[in-house]
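Colleague: I am new to reading models of this kind, and I would like to understand where each label comes from. Could we go through it slowly together?

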Amino acid sequence: MARRVILWVAASAGVLALVLAVAPLLGPARLDWSRAWTPGTEAHSILFTIRLPRVLLAALAGGALATAGLLFQTLVRDSLADPYTLGVSSGASLGAVSAIFFGVQQWAGVTGLAGAALVLLAVMRVASAGRRMSPHTLLLAGVTANSINIALILFLHSLADYGQSFTIVRWLMGGIEPSGYGTVALLAGVVVAVAAVVFARARQWNLLAVGEEWAESRGVDTAPLVRLGYVAGSLLTASVTCLTGPIGFLGWIVPHALRLRAGADHRLLIPCGFLLGAAFLVVCDTVARTALPQAEIPVGVITALAGGPFFLLLLRRPV
Amino acid sequence: MSRGYRLSGASVRYGSHLALSVDALDLSPGELTVIVGPNGAGKSTLVALLAGLRRYGGICELDGRPLRAWTRTELSRAAAFVPQSVDLQFPFTAYEVALMGRAPHADRLFESPADHAHVEQSMRETGTFELRDRDFRTLSGGEKQRVVLAAALAQSAPVLLLDEPAAHLDPKYQLAVYSLLAARAKSGALVAAVTHDLRLSRRFATRTIALRAGRIDAWDLDPSTFARVFDVDPEPWLGA
């Protein structure tokens with residue numbers, strides 16, 4: 001059992017390592033490879049200050065979204081849940097769109113986090129009103145929060161002027177924007193720490209995935225565990241969404257596809273989901289920035305177009 | 001070794017509905033107690049209460065200590081609970097489900113070889129070891145029930161609480177499960193099972209509790225009690 005987990009994790013890490021090694025070498029600009037390793041040259045700066053941080057950002061975002069999606073699926077015991085189901089990400093979008101609308105776009109990250117936090121608190125408050133935090137109520141509250149946020153975003157968008165409107169739509173499409181190492185390091189700190197906390201409870205997620213009473217009669221205090229899971233998943237989703245906007249599909253497809261192939265044990269799903277989610281988004285972002293000669297395709301379009309048919313194939317093959 | 005349960009004026013409410021109210025009840029090691037009664041009489045609530053899964057008023061003690069003072073881990077080492085049914089949304093194998101019974105004892109990321117030995121033995125006892133690699137969701141109702149029982153046996157707890165453990169089983173496994181429970185009780189375990197298998201459970205039980213409308217109505221199941229508790233002529237069940 002432990003052996004199987006180690007093999008899967010090693011294979012996933014191998015895939016990610018390969019993707020991370022190749023992706024920065026690809027791009028619209030032709031690089032002079034003989035000079036790319038010398039500081040001060042144009043090739044060096046394209047490789048190390050433009051492409052590499054972007055690839056790393058994509059990897060962190062993909063890993064975080066896959067982990068958050070997996071966590072939310074477990075919490076509500078529904079493999080159709082994703083990082084956006086519980087409303088946190090649309091809260092982040094509303095925050096960011098508000099910043100654009102009120103002309104303080106440089107604060108979009110902060111208002112995005114604030115929006116996510118408000119939704120998180122509201123949904124948790126509603127869902128924990130009863131005897132225990134019910135997955136069903138969590139789901140209903142999250143979906144409702146989503147609708148409210150989207151309505152407010154549409155409302156702001158309808159009032160926005162032409163320039164703002166373009167920025168808002170572009171933001172809502174999602175994408176890996178070029179960013180500095182500072183941002184990448186900050187995100188890495190948050191994502192790795194939260195993912196480690198989540199992984200440390202892998203056996204407890206297994207028990208919770210069966211049911212709350214099942215977990216409780218096997219020694220798990222479920223109320224704090226569910227709260228922790230919701231906060232951790234929200235933190236992962238919100239910190240990524242503030243930097244990239246919403247990127248769909250990946251968050252539910254990666255854990256779902258992995259379960260079809262590798263089973264339901266979270267000791268395998270959490271690390272492999274993170275590593276393969278990271279690899280998947282790096283590949284998609286590389287396609288997004290290289291497929292068309294003059295323009296960039298929003299990465300969300302690629303995740304759905306590339307992942308969708310692949311997933312349908314997985315569903316068709318007998319397990 | 002468990003010293004057993006003591007309930008006194010214990011009650012469980014769902015909202016304003018009083019689901020269970022027990023004036024006095026003692027359960028001791030070495031006994032196989034069956035809990036019978038009509039639908040909605042509070043049978044499941046009683047075993048869930050004993051398993052520490054319900055908030056209660058009054059006194060409910062295990063080994064002389066109020067249930068609400070136990071931590072979940074302590075209690076799960078002392079008492080194993082078999083729910084009425086387990087529905088999975090995710091593709092755990094039968095072995096993985098049974099292995100979850102070792103959760104109260106495992107403190108590392110992976111279970112020890114001793115844990116695996118426990119699980120293998122429990123699966124063999126319930127005739128489920130051959131099913132170990134199957135996706136739990138593809139098992140029949142009776143097979144699922146036996147895997148869940150294996151998970152509870154693997155918990156190695158001195159108290160076994162079961163909610164209709166044989167409801168979906170064929171005659172061979174009904175007999176096997178009751179023999180197994182009786183053997184556990186004989187070797188010192190405290191076993192309490194909710195059941196509707198009135199004929200079979202009568203043969204193995206050392207004690208019967210008949211519930212009606214949330215209260216203990218009788219301590220036996222002779223024809224007159226049967227007629228009162230279930231509101232039906234007992235002849236088809238108790239007759240020769």
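Colleague: To begin, how many helices and how many strands are there in chain B?

Modeller: In this predicted model, chain B holds nine helices and ten strands.

Colleague: What makes chain B as compact as a globular protein of its length?

Modeller: The radius of gyration of chain B is 18 Å, and the globule rule gives 18 Å for 240 residues, so the two values are close and chain B is as compact as a globular protein of that length. Its C-alpha trace spans about 50 × 45 × 35 Å along the principal axes, and buried residues make up 46% of its 240 residues.

Colleague: How do you know that the largest nonpolar core lies between domain 1 and domain 2 of chain B?

Modeller: The core has 167 residues, and those that touch the most other members are A:Ala61, B:Ile35, B:Ala79, B:Ala98, B:Leu160 and B:Leu161. Its largest share, 16 residues, comes from helix α2 (residues 42-76) of chain A. Domain 1 (1-70 + 158-240) and domain 2 (87-157) of chain B both give residues to this core, so it lies between them.

Colleague: Which residues does B:Ile35 touch, if residues up to four places away in sequence are not counted?

Modeller: The residues in contact with B:Ile35 on that count are B:Lys43, B:Leu46, B:Val47, B:Ala192, B:Ala193, B:Val194, B:Ile209 and B:Leu211, where being in contact requires C-beta atoms within 7 Å.

Colleague: What separates the two domains of chain B, and which residues join in their contact?

Modeller: The centres of domain 1 and domain 2 of chain B, taken over C-alpha atoms, are separated by 24 Å. The contact takes ten residues from domain 1 and nine residues from domain 2. On the side of domain 1 that touches domain 2, the elements giving two or more residues are β7 (159-163) and α6 (171-186) of chain B, and α6(B) provides the largest share, three residues. By class, that side of domain 1 has eight nonpolar, one polar and one charged residues.

Colleague: Why is A:Phe249 called buried?

Modeller: A residue is called buried if 20 or more other C-beta atoms lie within 10 Å of its own; A:Phe249 has 22 other C-beta atoms within 10 Å, and therefore it is buried. A:Phe249 lies in the loop between α10 (222-244) and α11 (250-262) of chain A, and it has a positive phi of about 75 degrees although it is not a glycine. Most residues other than glycine have a negative phi.

Colleague: Finally, how many residues does the contact take from chain A and from chain B?

Modeller: This contact takes 25 residues from chain A and 21 residues from chain B. On the side of chain A that touches chain B, α8 (202-210) and α9 (212-216) of chain A are the elements that give two or more residues, and α8(A) gives the largest share, six residues. The residues of that side of chain A divide into nine nonpolar, six polar and ten charged.

Definitions and conventions: Residues are numbered from 1 along each chain as its sequence is written. Chains are lettered from A and ligands numbered from 1 in the order in which they are written. This is a predicted model: local features need pLDDT of at least 70, side-chain atom pairs count only at pLDDT 80 or more; totals for chains, interfaces and linings use all residues. Helices (H or I, at least four residues) and strands (E, at least two) are DSSP runs, numbered from the N terminus. The radius of gyration is taken over C-alpha atoms; the globule rule is 2.2 Å times the number of residues to the power 0.38. A residue is buried if 20 or more other C-beta atoms lie within 10 Å of its own, exposed if 12 or fewer, and partly exposed in between; C-beta atoms are placed from the backbone. A nonpolar core is a set of buried Ala, Val, Leu, Ile, Met, Phe, Trp, Tyr and Cys residues joined through C-beta atoms within 7 Å. Domain bounds come from an automatic or database domain assignment. Ala, Val, Leu, Ile, Met, Phe, Trp, Tyr, Cys and Pro count as nonpolar, Asp, Glu, Lys and Arg as charged, and the others, Gly among them, as polar.
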